[in-house]
Amino acid sequence: MKRYNEYIKIDLQYIKYKTEELLTLAQNRYKITIQVANRAKRRKYEDIDIIDDPLNKPIVKAIIEMVDEITEPEILKD
């Protein structure tokens, strides 16, 4: 019997692309790195269940959210 995690493939290229995009858009790489880490830490303590799911790691979610906030600010206005 195979475990659930063996069937899941994480799109590492997408995560890498989003990370590069975030670092490119940031004016200060150190500051954005600290912001991502703090957001991931907050998310980790808010939702304990996401730690076991490799697709929803707090750091991955934080990176994707921050890129979306920077590139699509109209999402936040609604």
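Reader: Where do the buried residues of H1 pack?
Author: The buried residues of H1 pack against H2 and H3. Keep in mind that this is a predicted model.

Reader: Which residues of H1 are the buried ones?
Author: They are Ile15, Lys18, Glu21 and Leu22. Seen down the axis of H1, these residues fall within an arc of 125°, so they line one face of the helix. On the other side of H1 you will find Leu12, Gln13, Lys16, Tyr17 and Thr24, which are exposed.

Reader: Why is glutamate 21 called buried?
Author: Buried means under 20% relative accessible area. Glutamate 21 has 18% relative accessibility, so it counts as buried. This residue sits in helix H1. Leaving aside residues up to four places away in sequence, glutamate 21 touches Val67 and Thr71.

Reader: And what makes leucine 25 partly exposed?
Author: Exposed means over 50%, buried means under 20%, and partly exposed is in between. Leucine 25 is at 39% relative accessibility, so it counts as partly exposed. It too belongs to a helix, namely H1. Its contacts, not counting residues up to four places away in sequence, are with Ile70 and Thr71. The C-alpha atoms of leucine 25 and isoleucine 70 are separated by 7.8 Å, although the two residues are 45 residues apart along the chain.

Reader: How do you know that the length of helix H2 fits its number of residues?
Author: The expected span is 1.5 Å times one less than the number of residues. For the 18 residues of helix H2 (residues 29-46) that gives 26 Å, and the end C-alpha atoms are 26 Å apart, so the two agree. H3 passes the test as well: its 14 residues should span 20 Å, and its end C-alpha atoms are 20 Å apart. H1, with 14 residues, reaches 20 Å from its first C-alpha to its last, close to the 20 Å expected.

Reader: Which residues of H2 are buried?
Author: Ile32, Val36, Arg39 and Ala40 are buried in H2. They cover an arc of only 100° around the axis, which puts them on the same side of H2. The face turned away from that buried side carries the exposed residues Tyr30, Lys31, Lys41 and Tyr45. As for partners, the buried residues of H2 pack against helix H1 (12-25) and helix H3 (58-71).

Reader: Why does alanine 40 count as buried?
Author: The cut-off for buried is under 20%. Alanine 40 has 8% relative accessibility, so it counts as buried. Alanine 40 lies in helix H2. Setting aside residues up to four places away in sequence, it touches Pro58, Ile59 and Ala62. The C-alpha atoms of alanine 40 and alanine 62 are separated by 5.5 Å, with the two residues 22 residues apart along the chain.

Reader: What caps the N-terminal end of H2?
Author: Asparagine 28 does: one of its side-chain oxygens lies 3.1 Å from the backbone nitrogen of tyrosine 30. The cut-off for a polar contact is within 3.5 Å, and the value for this pair is 3.1 Å.

Reader: How many helices and strands does the whole chain have?
Author: The protein chain has four helices and zero strands. From the N terminus on, its elements run α-α-α-α. Buried residues make up 22% of its 78 residues. Of the contacts with a separation of 6 or more, 58% are between residues 24 or more positions apart.

Reader: Where is the confidence lowest and where is it highest?
Author: Confidence is lowest in helix H4 (residues 74-77), at a mean of 58, and highest in H2, at 89. Over residues 1-7 the pLDDT is below 50, and beyond near neighbours in sequence this stretch has three contacts in the model. For the protein chain, the mean pLDDT is 77, and 69% of the residues reach 70 or more.

Methods. Residues are numbered from 1 along each chain as its sequence is written. This is a predicted model: local features need pLDDT of at least 70, side-chain atom pairs count only at pLDDT 80 or more; totals for chains, interfaces and linings use all residues. Side-chain values use heavy atoms; hydrogens and water are left out. Helices (H or I, at least four residues) and strands (E, at least two) are DSSP runs, numbered from the N terminus. Buried means under 20% relative accessible area, exposed over 50%, partly exposed in between (1.4 Å probe, protein chains only). The arc is that of the directions from the helix axis to the C-beta atoms. Contact means heavy atoms within 4.5 Å. A polar contact is a pair of N or O atoms within 3.5 Å; within protein, one must be able to donate a hydrogen and the other to accept it, and residues adjacent in sequence count only if both atoms are side-chain atoms. pLDDT is the predictor's confidence in each residue, from 0 to 100.
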